[in-house]
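Here are some exercises to work through with the model open beside you. Try each task on your own before you read its solution.

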Amino acid sequence: MKKLEMILIIGAVVGLLMSLFDVPLNSLIVSLFFMVLALLYFYLGFALFNGIRFRNILKAGSYKGLGIWRIAVAIGTGIALSDLTVGSMFTLLDYPMARSLLTFGLVLTAIMLLIAAIRNAKEKDRFYRNIILRCAVFI
């Protein structure tokens with residue numbers, strides 16, 4: 001899923017550049033890549049951030065060794081990054097409610113960043129460092 005995420009991020013950047021240069025059909029490309037990226041974060045963020053492969057999502061063995069904090073932080077981060085992605089798309093396309101989505105997304109991302117920083121100080125786990133990096137890049 002990490003390859004899919006990178007492809008979608010590159011597509012979103014291309015859509016952003018198309019929007020800046022006012023290329024025809026830029027809103028279609030922006031909407032497509034930003035929404036698919038937001039859906040990936042929202043529905044599959046817990047698996048993406050925990051390194052669970054798509055074919056193993058429904059297998060109980062994939063979740064052994066993951067604590068409740070890791071799953072909760074992954075779900076919260078997925079929701080926060082999804083909201084920021086949709087808010088960014090709304091801003092680029094001049095849709096209403098963009099400011100509200102960005103505000104909610106930034107607050108939730110800051111909370112997830114704070115929780116991940118506290119948990120990283122206690123556990124020194126690579127998972128929390130990756131969450132901190134993702135949240136910092138989106139903020």
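**Exercise 1: Placing F34**

F34 lies in helix α2, which covers residues 26-50. Helices here are DSSP runs of H or I with at least four residues, numbered from the N terminus. This is a predicted model, in which local features need pLDDT of at least 70 and side-chain atom pairs count only at pLDDT 80 or more, while totals for chains, interfaces and linings use all residues. Residues are numbered from 1 along each chain as its sequence is written, and side-chain values use heavy atoms, with hydrogens and water left out.

Task: decide whether F34 is buried or exposed, and find what F34 touches.

Step 1. Take the relative accessible area of F34, which is 10%. Buried means under 20%, exposed over 50%, and partly exposed in between, using a 1.4 Å probe and protein chains only. F34 is therefore buried.

Step 2. Look for contacts, meaning heavy atoms within 4.5 Å. Not counting residues up to four places away in sequence, F34 touches A12, T85, S88, M89 and L92.

**Exercise 2: Helix α3 against helix α5**

Task: work out how α3 is oriented relative to α5, and which residues make the contact.

Step 1. The axes of α3 (residues 68-92) and α5 (residues 126-138) come within 11 Å and cross at roughly 15°.

Step 2. Name the orientation. Angles under 35 degrees count as roughly parallel, over 145 as roughly antiparallel, 65 to 115 as roughly perpendicular, and the rest as oblique. So α3 is roughly parallel to α5.

Step 3. List the contact: W69, R70, V73, A74, T77, L81, L84 and T85 of α3 meet F127, Y128, I131, R134, C135 and F138 of α5.

Step 4. Sort these residues into ten nonpolar, two polar and two charged. Ala, Val, Leu, Ile, Met, Phe, Trp, Tyr, Cys and Pro count as nonpolar, Asp, Glu, Lys and Arg as charged, and the others, Gly among them, as polar.

**Exercise 3: R119 in helix α4**

Task: where is R119, and what does R119 touch?

Step 1. Find R119 in helix α4, which has 26 residues, numbered 98-123.

Step 2. Read the relative accessible area of R119, 15%, so R119 is buried. Other buried residues of α4 include L108, M112 and A116.

Step 3. Not counting residues up to four places away in sequence, R119 touches W69, K124 and Y128.

Conventions:
Axes are lines fitted to C-alpha atoms, for helices over the stretch in contact, and angles run from 0 to 180 degrees between N-to-C directions. Helices (H or I, at least four residues) and strands (E, at least two) are DSSP runs, numbered from the N terminus. The expected span of a helix is 1.5 Å times one less than its number of residues.
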